[in-house]
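Opening the notebook on a new chain today. I want the overall layout first, then a few single residues.

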Amino acid sequence: MSAVRDCPKCRLVNPPTAQRCDCGYDFVSRQMEASYLGKQDTNDEITHLETFLCFFLPLFGFCFGLMARQAGRRKAGNKMMIASALVMFVLLLIFGVFVTTRR
Ligand SMILES: [Zn+2]
């Protein structure tokens with residue numbers, strides 16, 4: 001039971017403790033089952049719109065702040081830049097915590 005498990009379907013070498021290959025072949029029942037990987041990763045790509053929103057929405061606020069500063073509204077511009085920077089900072093923190101505590 002300590003030997004590696006070669007998948008007869010896709011020939012992927014699995015660790016001895018593997019119950020099921022990534023392709024869905026189950027070593028216990030010796031049948032094709034739903035892959036543990038597949039389902040939740042299907043259609044899990046970030047869309048262009050989502051990328052746009054995540055990255056550029058706080059950046060827009062920052063740019064508006066810069067524009068306001070250049071238009072002579074220094075205090076208003078500073079506040080907008082600080083608010084945007086804070087949002088980005090908080091989002092980064094939440095993102096970091098979320099990613100590191102997942103799995
Ligand atoms: Zn396989």
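Before counting anything, I need the cut-off: a residue is buried if 20 or more other C-beta atoms lie within 10 Å of its own, exposed if 12 or fewer, and partly exposed in between. I also remind myself that this is a predicted model.

**Burial.** By that cut-off, I get 7% of the 103 residues of the protein as buried.

**Fold order.** I looked up the secondary structure and found 3 helices and 4 strands. Going along the sequence, I read the pattern β-β-β-β-α-α-α. How spread out is the protein against the globule rule? The radius of gyration comes to 24 Å, well over the 13 Å that the rule gives for 103 residues, so I note the protein as more spread out than a compact globule. The box around the C-alpha atoms, taken along the principal axes, is roughly 75 × 25 × 15 Å.

**Contacts and domains.** I checked the contacts between residues at least 6 apart in sequence, and 7% of them join residues at least 24 apart. The domain assignment gives me domain 1 as 1–43 and domain 2 as 48–101. Between the C-alpha centres of domain 1 and domain 2 I have 44 Å.

**Helix α3.** This helix has 28 residues, and from its first C-alpha to its last I get 40 Å, close to the 40 Å expected at 1.5 Å a residue. Is α3 largely in the open or largely buried? I count 2 of its 28 residues as buried, so α3 lies largely in the open.

**M88.** I placed M88 in α3, which runs over residues 74–101. M88 has 16 other C-beta atoms within 10 Å, so I log M88 as partly exposed. I also looked at M88 against C54: they are 34 residues apart along the chain, and their C-alpha atoms are separated by 9.6 Å.

**Positive phi.** R11 is not a glycine, yet its phi is positive, at about 65 degrees. I find R11 in the loop between β1 (5–6) and β2 (13–14). R11 counts as exposed, because I get 9 C-beta neighbours inside 10 Å.

R30 is the other entry: again not a glycine, with a positive phi of about 55 degrees. Where does R30 sit? I have R30 in the loop between β3 (25–26) and β4 (31–32). With 8 other C-beta atoms within 10 Å, R30 goes down as exposed.

Terms used:
Residues are numbered from 1 along each chain as its sequence is written. This is a predicted model: local features need pLDDT of at least 70, side-chain atom pairs count only at pLDDT 80 or more; totals for chains, interfaces and linings use all residues. The radius of gyration is taken over C-alpha atoms; the globule rule is 2.2 Å times the number of residues to the power 0.38. Two residues are in contact if their C-beta atoms, placed from the backbone, lie within 7 Å. Domain bounds come from an automatic or database domain assignment. The expected span of a helix is 1.5 Å times one less than its number of residues.
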